[in-house]
Amino acid sequence: MVIVMAPSASAADIDTVVAHVAAHGGEAFVSRGVTRTIIGVVGSEDVLETIDASRLSGVAETMRITAPYKLVSAENHSQRTTVRVGGVPIGPETFTLIAGPCAVETAEQTFEAARMAKRAGATLLRGGAYKPRTSPYAFQGRGEDGLKLLAEVRDAVGLPIVTEVLDNRDVDIVAEYADMLQIGTRNMQNFALLQAVGRTGKPVMLKRGLMATYEEWLMAAEYIAQRGNLDIVLCERGIRSYEPAIRNMLDVSAVPMVKSLSHLPVIIDPSHAAGRRDLVVPLARAGIAAGADGVMVDVHPHPESALVDGAQALSGSLLAELAVAVTTLPPLLGRTSAAHLAG
Ligand code: PEP
Ligand code: MN
């Protein structure tokens, strides 16, 4: 069951609802959103039958949700969620480009990548300071130094930052610098990490696991939501397939399908799906056409010498092609480019 509080509900109203749920043997999880508070209620069928919060002060609606993920389900949820990252919207009305270097390497490289991203119409900068590498011998990222550099670049270039957190022990430090925390594919089911980022209250980008079903992905989002944070953006980044020519297979169906299952925004990452730059723009176009709320791509000023994922990084004419796609296609689908809103 989900209890939606009216925008005017007071803290005392919320406490009363939580106490009412507890008195009937249920458990309440309070998620405070920007515009309203939602209380997820779990308990056995018998317990849920006895809870009647509809007449309590400040309650706007109560709803039974049949999906196993309660707070992120689209069921009985008339409005799609817009997540704001440092003022930049990701949601149904806009289209948001997120771009930047896969890894923060040097100050010069990060500044240049951020400027390239901005020129292409990006309103958020992505960059990794902690990198989840398949090989323990590969570059692991610059850690806290990388976070400081990202924050410097944000302030100079004016793009809020999205960066990955790999480990529970780093959540506080990453949250101190980042505007949005990224949970990578390999950590999609690291439940303790999901709960920890949920508690920070910072927007979270949750990438789909390499072999995760839609339900597993949404249950992972539920872990974040259940800790009081509904500012979650889902990112489809390709799933494992039998085809060796591409790194992963972008699941375009995930965009309309997951948008029908959940009210959360869905974006795509064609760079990590393809693993090669010549496919990034065509896949971005496909994602936009399927209704994605945004696209996240790797850019690098010198892809040939990138320390991580250079083969998929855009620069020059391919980045210019991407810029055309992200400014011309979304308006055909009734969306405003977030870049236009940002001026
Ligand atoms: C990344 O975005 O840099 C990354 C490591 O992606 P994924 O978790 O999708 O592999
Ligand atoms: Mn990468």
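## Ligand 1 and its shell

The shell around ligand 1 is made up of two nonpolar, four polar and six charged residues. This description refers to a predicted model. The residues in question are Cys102, Arg126, Lys131, Pro132, Glu164, Gln182, Gly184, Thr185, Arg186, Lys207, Arg237 and His272.

## Polar contacts and burial of the ligand

Several side chains of the shell place polar atoms beside oxygen atoms of the ligand. For Arg126, a polar side-chain atom is found 2.7 Å from an oxygen atom of ligand 1. In the side chain of Arg186, an N or O atom is 2.9 Å from an oxygen atom of ligand 1. His272 also takes part, with a polar side-chain atom 3.3 Å from an oxygen atom of the ligand. Ligand 1 taken alone exposes 300 Å², of which the protein buries 96%.

## The setting of Gly58

Gly58 belongs to the loop that lies between helix H2 (45-50) and strand S4 (59-63). Is this residue buried or exposed? Gly58 has a relative accessible area of 19%, and it is classed as buried because the cut-off for that class is under 20%.

Apart from neighbours within four places in sequence, the residues in contact with Gly58 are Met5, Ala6, Ala9 and Asp13.

Key: Residues numbered from 1 in each chain as written. Chains lettered and ligands numbered in written order. Predicted model: local features only at pLDDT ≥ 70, side-chain atom pairs only at ≥ 80, totals over all residues. Heavy atoms only, no water. Near = heavy atom within 4 Å. Polar contact = N/O pair within 3.5 Å; in protein donor to acceptor, adjacent residues only side chain to side chain. Areas by Shrake-Rupley, 256 points an atom, 1.4 Å probe, with all protein chains shown as cover. Nonpolar A, V, L, I, M, F, W, Y, C, P; charged D, E, K, R; others polar. Helix = DSSP H or I, 4+ residues; strand = E, 2+ residues; numbered from the N terminus. Buried < 20%, exposed > 50% of the residue type's maximum accessible area, 1.4 Å probe, protein only. Contact = heavy atoms within 4.5 Å.
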